[in-house]
Amino acid sequence: MVSVKDFNPKPGKPEDLAPGLRRLLAPNPSPMTFRGTNTYLLGTRDIAVIDPGPPDDAHLQAIFDSLTAAQRISHVIVTHSHVDHSPLAMVLAQISGAKVHAFGDSRAGVSKSPLSRSDIGGGEGVDETFMPDVFIPHGGEISGSDWSLIAHHTPGHMGNHLSYEWREGRALFSGDVVMGWATSMVSPPDGDISDFMASLEYLASLEGCDTYYPGHGAPILDPKARVAELAAHRKSREAEILAQLAAGPATPDAMTREIYADVDPALWPAAQRNVMAHLIDLTQRKIASPQGEFSQHAAFQLV
């Protein structure tokens, strides 16, 4: 298994991962995207482009340069509509004539919790213009000449997040819900921690997927263990928040600074979104409550 530090593919250069599957790294490295977005090219004749990536001309050209004369782009498939995954989908579809497949636009599947509102911050990185041609429901199937996919709705990181089970490869394209290099950011209102935990529980019960191909980072070769690790991590963060509140009322900002003291402060804004997601969940479960109106600036206390 490739370690986190050793995963450093060259952007624009397709790499064989398995028979009928290649990975093409987009040139968009950042603290939130690691080395960049993984675009997957599935198939040997009819090519499915999974997560085309950001609106980058060089990456668009690299996708077409990766095709042989006998290959065509038959499907454009998106796991979720964050700006590092979906914007190139529309352009790719227009040029290739393929249709864009996804669960829905950027509002599809968003949490219906009254606490998960636009006035609590968040909304970062959402591709507001995204609109697929073909809406794929949970359990929906997509197929090409030598491949087939089953869609699994796995919200939490984002409401319209789908993971795609590749039957022939005994694998799952897990998008950003399960990655090996880092845990997923869950930022309300687009992200929902209770949905995220339910998605992890669902994936833990999913059989037949020996490898996960994530949206960022190297393939995950022991996915069951990684899913369990992510669930345990989220539960430990909840326990840390409860410990902070047991010491007295605290704001999300103050809790973030304490809980994530060992994390680069540049990442604290993202970490605070995770804290807010947990506070929404704890408030809904009547374990915690805000002092006054629920907001990202409120002080919270145990019930």
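**Ground rules.** I number residues from 1 along each chain as its sequence is written. Because the model is predicted, I ask for pLDDT of at least 70 for local features and 80 or more for side-chain atom pairs, while totals for chains, interfaces and linings use all residues, and side-chain values rest on heavy atoms, without hydrogens or water.

**The sheet.** I looked up the strand order and found an open sheet of 5 strands, E8-E9-E10-E11-E12, with mixed pairing. Strands here are DSSP runs of E with at least two residues, numbered from the N terminus, and two of them pair if DSSP finds at least two bridges between them. E8 (141–143) and E12 (211–214) are the edge strands; each has a single partner, so one side of each lacks a neighbour in the sheet.

**One pair up close.** E10 (residues 162–166) runs antiparallel to E11 (residues 171–175), and the two share 3 bridges. I noted Trp166 opposite Ala171 in E11.

**His157.** Next I went to the loop between E9 (148–153) and E10, where His157 is found. Buried or exposed? His157 is buried at 8% relative accessible area (buried is under 20%, exposed over 50%, partly exposed in between, with a 1.4 Å probe and protein chains only).

I then checked its polar contacts (N or O atoms within 3.5 Å, one able to donate a hydrogen and the other to accept it; sequence-adjacent residues count only if both atoms are side-chain atoms). The His157 side chain makes one with the side chain of His82 at 3.1 Å and another with that of Asp176 at 3.4 Å.

Note on methods. Helices (H or I, at least four residues) and strands (E, at least two) are DSSP runs, numbered from the N terminus.
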